[in-house]
Amino acid sequence: FFRALACHPQLPRAACSSMSSSRPSSEMESYIAAYAGHTRLKRLQFIAQHEPTLRAEALRIAVEQARQGVNTALYQELCATEGCPVARDDAWVDSVEKKASARLDKLESDLASHKTSLVKESIRMGHSDLGDFHASRGDFATALKCYVRTRDYCTTSRHTLSMCLAVVKVSIHMGNYTHVSNYVSKAEATPDAGSDAVLTAQLRVASALTALEAKKFRAAARKFVEVSVELGTSFSEVCSVSDVALYGALCALAAFDRAELSERVVKNSAFRSMLELYPEAREIVHDFHSSRYASCLAALETLRPDLLLDLHLRPHVDQLYADIRSKALVQYFSPFVAVDLCRMASAFNVEVDSLEKEIAALIMSGCIPARIDSQAKVLHARHADQRNATFVKALATGEAYMRDTKALLLRLNLLRADFAVKGSGDSSGPSKSSRQERAEARAFGGA
């Protein structure tokens with residue numbers, strides 16, 4: 001744990017079982033130091049909700065952090081949580097509420113004055129300041145409205161990008177990922193958006209989180225691995241750099257095939273440098289790529305308790321793990337014609353019967369073209385008969401050629417005979433052949 005903290009603040013391995021009240025509070029404080037603003041409080045609250053052994057410590061730190069801001073609603077919610085060791089300070093709440101009310105009146109008065117002066121930049125700043133105020137109070141719906149209103153007063157591309165980024169951050173806090181996707185697209189379409197490496201990294205993280213929320217792991221992985229180290233602490237109100245490395249590694253393992261994993265992750269020097277901030281994720285990726293599946297899956301199981309305490313990963317942990325395990329089984333079997341299930345079970349460190357059930361499920365889903373010999377405990381690949389398939393394809397091609405040739409000959413004969421079939425309602429008149437037949441009939445009749 002302390003080695004991980006030395007690289008970058010991160011939740012301790014197997015935190016839910018290894019961290020207890022006897023450990024110094026500096027451990028959780030070191031972890032939460034990687035975040036800022038509302039995210040810091042929400043992550044502490046999330047840990048308190050899902051891990052009873054850490055609840056008291058998480059709530060104590062969360063209450064201390066809340067007192068440094070002006071979000072009295074969240075402060076009271078934290079104090080009212082069962083198991084909170086800190087009593088609510090009503091005097092502090094009343095004092096902050098009075099100051100906040102005075103601050104709001106001043107901001108609204110300044111905005112009204114700016115509107116009277118008709119100076120666009122001043123009006124934009126007035127709406128932006130109001131948005132910042134409401135965001136700090138935890139009223140993200142009102143903050144979103146204020147930020148959106150600045151759009152009509154943006155005079156430069158930099159103003160537009162600032163507005164889009166503010167809306168993206170607030171929408172992530174609200175869990176409104178539709179807004180996130182829309183405003184990321186607006187920002188990317190703004191001139192000069194690509195010239196700022198930090199802004200580009202922030203937008204990619206936002207896009208990746210949107211895809212992750214929708215369980216689109218491939219799209220999320222592609223965005224995460226494109227994030228550059230320039231991100232730094234600039235997006236700490238949403239997630240840390242080590243979070244990006246962890247999320248990207250897990251999504252890549254679950255969604256990428258071997259070639260894509262090698263190209264986009266293992267050989268990607270930019271993302272490799274980010275993986276250095278999360279050594280456990282780096283080792284998991286290398287073990288998977290090197291076909292050390294037992295070690296990889298064991299490390300994932302060790303990491304599971306930490307992931308279940310992550311604000312963004314918890315809803316997807318089971319699906320990600322299932323996809324990674326399935327992909328490992330498929331890749332292990334793919335080069336072989338037959339595999340001994342006992343040796344395969346040893347490679348994955350599981351019981352043979354359990355492995356047989358997993359493989360049967362993969363066969364039924366079409367992921368592995370094979371059949372199981374349960375008596376001999378052997379998995380046989382089911383390869384298509386290439387010789388037979390070639391003959392079938394050749395016969396089908398010949399039949400298609402004959403059919404097309406006959407149709408072409410029929411058309412040529414019809415054209416040569418000037419034969420056409422007209423409908424009864426056709427106003428174009430009789431065909432040439434019909435006119436000839438009528439002329440011949442009249443000639444014979446005259447004779």
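Helices here are DSSP runs of H or I with at least four residues, numbered from the N terminus. With that in hand, let's explore the pockets of this predicted model.

**Exercise 1.** Find out which elements each supply at least two residues to the lining of the second largest pocket, and which of them gives the largest share.

*Solution.* 
- Start with the space itself: the volume of the second largest pocket is about 170 Å³.
- Next, list the lining, which is made up of H38, T39, K42, I172, H173, G175, Y177, E237, V238, L311 and H312.
- Now turn to the helices: at least two of the lining residues come from α4, and at least two from α10.
- Finally, the largest share belongs to α4, with 3 residues.

**Exercise 2.** Describe the lining of the largest pocket: how many residues form it, and which lie nearest its centre?

*Solution.* 
- The largest pocket holds about 610 Å³ of space.
- Around the largest pocket stand 29 lining residues, and those nearest its centre are G37, H38, A135, S136 and E237.
- Two or more lining residues come from each of α4 (37–50), α5 (55–66), α8 (120–136), α9 (140–149) and α10 (157–174).
- Among these, α10 provides the largest share, 8 residues.

Technical notes. Residues numbered from 1 in each chain as written. Predicted model: local features only at pLDDT ≥ 70, side-chain atom pairs only at ≥ 80, totals over all residues. Heavy atoms only, no water. 1 Å grid on protein atoms, 1.4 Å probe; cavity = no way out; pocket = protein on both sides within 12 Å on 5 of 7 lines; lining within 4 Å. Points joined across faces, edges and corners; volume = space filled by probe spheres on them.
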